[in-house]
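The entries follow in the order in which I looked things up.

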Amino acid sequence: MSAVLPVFKSWVPVWLIRLAIFMAILPGLILFGLSSVNITAASGYYGMEPADVQYSMLVFYAAVCGFFALERRFFIFTATREYFLLSIIVQVITAYVCYHTQHAYILFIFRFIEGMANCMATSICITLIFGSLNSERAREIGYSVFYGMLLCVTPVSTFITAPILDNFDYNVLYKFIIFAYLPGGILLLLIMNNVRLNRKMPLYQLEVYSFIIYSILLLLIGYTLAYGQQYYWFDDIRIIRSVIAIVLLMAILILRQLKLKRPYLNLRVFKYRNFVAGMFMIAFLYIIRGAFSIVSTYFTAILGMDPTHLGNIMLYNVLGIVLGVLISSRLLILKRPTRLVWIYGFICLLIFHVWMWFLFSTQADADTFIAPLILQGIGAGLLMMPIIVYSISSVPVHLSSSASATGVFFRFTSFAGSIAIINYFQLQHKANHYNRFQEQLSGLNTQLTERLNLYSRIVSAKGVPVDQAAKIGRGLLNRSVDVQAQLRYMMDYYYFISIVIIAAILLIAMFPFLNRTKINVKSSQPSPVSF
């Protein structure tokens, strides 16, 4: 076995090591998706706007992205067992604070600390996992499994947390996270030796200034994209100031990296054409992947599913992801052309979005969505790992760390960008459709009169007085109009995403040089932090 295994006691079997690592890493993955499992419940408990809840998720992601390049120095400096224990303690403490607080600013601060600690725990767990995989085939399968786990974060989090949300307040989820860390954390500490994976390097010449500048830049990007539509973009002074600060900080960061002997982020990665192409594919993937949240909104807001039923049907998406990562790992082992794998994945996603466009309706059977959910999972599973591994393999080995950090930046900005686009469609397109429907509601519309009379009769049959039944009937009609407007914006967004997917497929087909990068998972290890 590899040199990583001396970290563990000699009597511990390999399967128990991997089980313990899986148990330790799973709570961290759920912690990331905690803000997105039920935005309505979170905003109701904390008394925040939905945009605040989205921003709390982006704060966590920004911490992971900003701390990634600096985290490696602490990982090398600290013994493996101590480092893992420290990350678990910090995550438990921050989860405890998030459990007790109801103040948005305190939540944001500790979500950022959570993200840094999560980066630490994920880094060490993935290092231990792939350190025990010697052969190239085993590593390819390992990467598929890990990135498949990342794709499963949202549906699995929804399934696991649904019973808690049905019976308790939202903050109890953080208490659940605290207890979820204990089994895997305790088991790992019991089977680990107190050894180092690397030669100890003192913590000198830490590029703390770049970390601070970079983190503030990421937080401002997340703020602008999360709140931009709500504040009507450049009509609000807060967004204007934020954009000006982003431009200035970006310029300062770039100039500093160019002058540093050991840059925080080595910008030479952008000299490699295939790496840039990989970043574009990541941007496409994460914008497309963000559209999947529309499905959850449709199931809950339109079809009226409770968290338990939503979690159950999302398991079919997990099944699709498993199939997708198995197929992608097999194609990678067989050395199939990269362009071909990408085209397969994007075609699956295109079929899913077009299919859902036709399925959006106010009434539907849950079983109707099983096949589309599986297909979406297959498409995402075919794309996630091949794109990331391809991007890192496009640069020399000595730049792989910077390429990984840059990839996390593109994933963060694309993820935040997808939130901004969805907010735009939700507020702008929904309002346009709602106003258009309202214009058609007049006393001269015979269908309107019949619908109002129908609502009034239904309410009157329940024992409501006639005058109140008419008012309630009008409210039900307005509710029906709102539902129709919401459906139309969802259809508009999926139509837009379908165009984006077609553009991605055409770009892949037009550039044959994409096949010139040789996938190398032995020497170039992608970033373990790839939410």
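**Entry 1: S210**

I looked up S210 and found it buried, at a relative accessible area of 0%; buried means under 20%, exposed over 50% and partly exposed in between, with a 1.4 Å probe and protein chains only. I note that this is a predicted model, in which local features need pLDDT of at least 70, side-chain atom pairs count only at pLDDT 80 or more, and totals for chains, interfaces and linings use all residues. Residues are numbered from 1 along each chain as its sequence is written, and side-chain values use heavy atoms, with hydrogens and water left out.

I placed S210 in helix α9, residues 208-227; helices are DSSP runs of H or I of at least four residues, strands are E runs of at least two, and both are numbered from the N terminus. Setting aside neighbours within four places in sequence, I listed L253, R256, Q257, L260 and Y264 as contacts of S210, where contact means heavy atoms within 4.5 Å.

**Entry 2: the core**

I then turned to the largest nonpolar core, which has 162 residues, and found that Y174, F299 and F346 touch the most other members. Helix α3 (residues 50-77) gives this core its largest share, 16 residues. Such a core is a set of buried Ala, Val, Leu, Ile, Met, Phe, Trp, Tyr and Cys residues joined through side-chain atoms within 4.5 Å. Beyond four places in sequence, F346 touches residues including M281, F284, L383 and I508.

**Entry 3: the whole protein**

I counted 18 helices and 0 strands. Of the 531 residues, 54% are buried. Among contacts between residues at least 6 apart in sequence, 85% join residues at least 24 apart.
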